[in-house]
Amino acid sequence: MPENLDQFFDTSAAGHAVAATFKTAAGATIRSANVIFVDALGDVDVGDAEVETPRPFISCKDADLASVDHSCKVTIGATTYRIIQQAGDGRLATVLLQRS
């Protein structure tokens, strides 16, 4: 029996998810979905040095990305991000973001 993913994307006090709104480049809302947001840091090579830069990403149900592509934006709280890259396995997806 497939695992119920809804428990991972619960926004109640016991859940780990937050609400996100996916929009077209023109600003039209595609859908709202619950996602797990991670405001991570990643290393970028700058000459002979490595510099930490923001590497935010979300995890969500793959189905929540229907009609969403790299030209779209996602708003989480009061912050809007551009979608840089997305990958999914048919159930779960990871979306790399960049602050707009």
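1. **Ground rules.** Because this is a predicted model, local features need pLDDT of at least 70 and side-chain atom pairs count only at pLDDT 80 or more, while totals for chains, interfaces and linings use all residues. Residues are numbered from 1 along each chain as its sequence is written, and side-chain values use heavy atoms, with hydrogens and water left out.

2. **The overall layout.** The chain has six strands and zero helices. Both kinds of element are DSSP runs numbered from the N terminus: strands are E with at least two residues, and helices are H or I with at least four. Read from the N terminus, the order is β-β-β-β-β-β. Along the principal axes, the C-alpha atoms fill a box of roughly 50 × 30 × 25 Å.

3. **The barrel.** The six strands form a closed barrel in the order β1-β2-β3-β6-β5-β4, with antiparallel pairing. Two strands are said to pair if DSSP finds at least two bridges between them. From one strand to the next, the twist averages 45 degrees. That angle comes from axes, which are lines fitted to C-alpha atoms (for helices, over the stretch in contact), and angles run from 0 to 180 degrees between N-to-C directions.

4. **β1 and its two partners.** Strand β1 (residues 18-23) pairs with β2 in the antiparallel sense over six bridges, and with β4, again antiparallel, over four bridges. A20, for its part, stands opposite A33 in β2.

5. **Two hairpins with glycines.** Five residues lie between the strands in the hairpin of β1 and β2, where G27 takes a positive phi near 100 degrees. The hairpin of β2 and β3 has two residues between its strands, and there G47 takes a positive phi near 65 degrees.

6. **β3 and its neighbours.** β2 and β3 pair in the antiparallel sense over 11 bridges, with R55 in β3 as the bridge partner of A40. β3 is also joined to strand β6 (residues 92-99) by five bridges, and these two strands run antiparallel. I58 has V95 in β6 as its bridge partner.

7. **One aromatic pair.** A search of the whole structure turns up one aromatic pair. The rings of F37 and Y81 have their centres 5.6 Å apart and their planes at 45 degrees, so the pair is tilted. For the cut-offs, rings of Phe, Tyr and Trp (its six-membered ring) pair if their centres lie within 6.5 Å, with planes under 30 degrees apart counted as stacked, over 60 as edge-to-face and the rest as tilted. F37 lies in strand β2 (residues 29-46) and Y81 in strand β5 (residues 79-88), so the pair ties together parts that are 44 residues apart in sequence. Y81 is buried, with a relative accessible area of 4%, whereas F37 is partly exposed at 26%. Here buried means under 20% relative accessible area, exposed over 50% and partly exposed in between, using a 1.4 Å probe and protein chains only.

8. **One salt bridge.** The structure holds one salt bridge, meaning a side-chain nitrogen of Lys or Arg within 4 Å of a carboxyl oxygen of Asp or Glu. The side chains involved are D6 and K61, at 2.3 Å from N to O. D6 lies in the segment before β1 and K61 in strand β3, so the pair ties together parts that are 55 residues apart in sequence. D6 is partly exposed, with a relative accessible area of 42%, and K61 is partly exposed too, at 25%.

9. **A residue to look at: D64.** D64 sits in the loop between β3 (49-61) and β4 (73-76). D64 is buried yet has no salt bridge, and the nearest side chain of opposite charge, R31, is 5.1 Å away. For charge, Lys and Arg count as positive and Asp and Glu as negative, while His and the chain ends are not counted. Leaving aside neighbours within four places in sequence, D64 is in contact (heavy atoms within 4.5 Å) with F22, R31, A33 and N34.

10. **Chain totals.** Of the 100 residues in the chain, 24% are buried. Among contacts with a separation of 6 or more, 43% come from residues 24 or more positions apart.
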